[in-house]
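Okay, my turn, thanks everyone. Let me put the model up and then walk you through it.

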Amino acid sequence: GGALPAADMSADEIFAGKVKNGSFAFLTEGLTLSQRISDLLAGLLQDDVQARWTTEMLVDWRDKIKETPRRGRGDRRGFSKLAFGTCGLRGGGGFCAPWGGDPPDYPQAGNHR
């Protein structure tokens, strides 16, 4: 799947589009890209040679994305279950006091002064 960007354009039309809009914007117009692919292409298609990604920058980016959790995927599962200790739940409210006593008196909703 996929298609070549600007496949139906002449070299002069491609050149003019890159000059007018920038290589990245021109070549990715109308494409649906993930954030990671968009970042990658933006770095590699920089028109300014000084800002364009080098091999070292590409490897550094690759190593960093391996360490960063993907958005919307959540963190990796923990190795073991979390232990919260034992406590009684009053009135089904689900509040567990980690200090072993009653919960502090917090203002109730609507009782602000």
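So, from the N terminus the order is α-α-α-α: four helices and zero strands, where helices are DSSP runs of H or I with at least four residues, strands are E runs of at least two, and numbering starts at the N terminus. Keep in mind it's a predicted model, so to speak: local features need pLDDT of at least 70, side-chain atom pairs count only at 80 or more, and totals for chains, interfaces and linings use all residues. Residues are numbered from 1 along each chain as its sequence is written, and side-chain values use heavy atoms, with hydrogens and water left out.

How much of the protein is buried? Of its 113 residues, 11%, with buried meaning under 20% relative accessible area, exposed over 50%, and partly exposed in between (1.4 Å probe, protein chains only). As for contacts (heavy atoms within 4.5 Å), take those with a separation of 6 or more: 19% of them join residues 24 or more positions apart.

Now helix H4, residues 55-67. Lys64 and Asp60 both sit there, four residues apart, about one turn of the helix. Their side chains form a salt bridge at 3.4 Å, N to O; the cut-off is a Lys or Arg side-chain nitrogen within 4 Å of an Asp or Glu carboxyl oxygen. Asp60 is partly exposed at 38%.

The structure has two salt bridges, and Arg62 with Asp63 makes one of them, closest N and O atoms 3.2 Å apart. Arg62 is partly exposed, at 39%, and Asp63 is partly exposed too, at 32%.
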